[in-house]
Amino acid sequence: MSVYQQDFAVFTKEDNSPLTEADRQAHESIKAILAETNLPLLSEEGKLTPFEERKDWETFWLVDPLDGTKEFIKRNGEFTVNIALIKNGTPVLGVVFVPVTGMLYFGEEGRGSHYIELGSADNTTLAAEEMIAQAKTLPSTQKVDVYTVVASRSHNTPETEQFIDEKREKHGQVNMISAGSSLKLCLVAEGKAQVYPRLAPTMEWDTAAGHAVAKFAGCEVYDFKNNTELQYNKENLLNPWFVVERA
């Protein structure tokens, strides 16, 4: 947040995606904290571990230190910190934090998904036990009256438009809401939208934490083409097109 509140430089990575000092600092902070667990770490901003080495990882952390760098640069507040624990290719724990609003989402296998509004990034002095005790269960809202689709603020495709048109044919009126970063998965987890189609490229670290939050809130996160649950720690870390849908 200290970077966000001042003028900052924007760098371009090899894949032409943007990078800021906040991405790097967040990575270093998260890396230092998670080192205490003695589990391997795969982070968007870290050194990419070769598949030959990580294919034997049964349990590891999968992190995007700053998801939604484009939203960060636009200063619209819709960026997140994504931390997921992966076991045998599936998320078993996920935490999504929204630094600007202080909204914290977390989901864990066997315990469901929850959220707590901390108010701001500075109000994170609560112990983890206190956060868990004060958190509310997801989904958090009553079912919306009109079928609602959440879509990316920065990435849209003709295939996404076709998907939405098909939902209109099926449900009649369809509401659209837009959001950046992993917030889209969390909106379905909350019950504010029924579905989020992502028919465009994403990487594993973009989705793993939100996948856990959505999954343990009663949603499905599945491959658009074959309807199987998204898997992680693949040789190619690019996700297939996928859909997040309230079951």
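User: Which residues of α5 are buried?

Analyst: This is a predicted model. Taking under 20% relative accessible area as the cut-off for buried, the residues of α5 that qualify are T160, F163, I164 and K167.

User: Where on the helix do the buried residues of α5 fall?

Analyst: Residues three or four places apart in an α-helix point the same way, because there are 3.6 residues a turn. Looking down the axis of α5, the buried residues sit within an arc of 95 degrees, so they line one face of the helix. On the other side, P158 and E169 are exposed. What covers the buried residues includes β10, β11, β12 and β14, and where they fall is one face of the helix.

User: How far apart are the end C-alpha atoms of α5?

Analyst: Helix α5 has 14 residues, 158-171, and at 1.5 Å a residue it should span 20 Å. The model agrees with that: the end C-alpha atoms are apart by 20 Å.

User: Which strands stand at the edges of the open sheet?

Analyst: The seven strands run in the order β3-β4-β5-β6-β7-β8-β9, with mixed pairing. An edge strand here has a single partner, so one side of it is left without a neighbour in the sheet. That picks out β3 (41-43) and β9 (136-137).

User: Which residue in β9 does Y115 stand opposite?

Analyst: Strand β8 covers residues 112-117, and β8 pairs with β9 in the antiparallel sense over two bridges. Across from Y115, the residue in β9 is K136.

How values were computed:
Residues numbered from 1 in each chain as written. Predicted model: local features only at pLDDT ≥ 70, side-chain atom pairs only at ≥ 80, totals over all residues. Heavy atoms only, no water. Helix = DSSP H or I, 4+ residues; strand = E, 2+ residues; numbered from the N terminus. Expected span 1.5 Å × (residues − 1). Buried < 20%, exposed > 50% of the residue type's maximum accessible area, 1.4 Å probe, protein only. Arc of directions from axis to C-beta. Contact = heavy atoms within 4.5 Å. Pairing = 2+ DSSP bridges.
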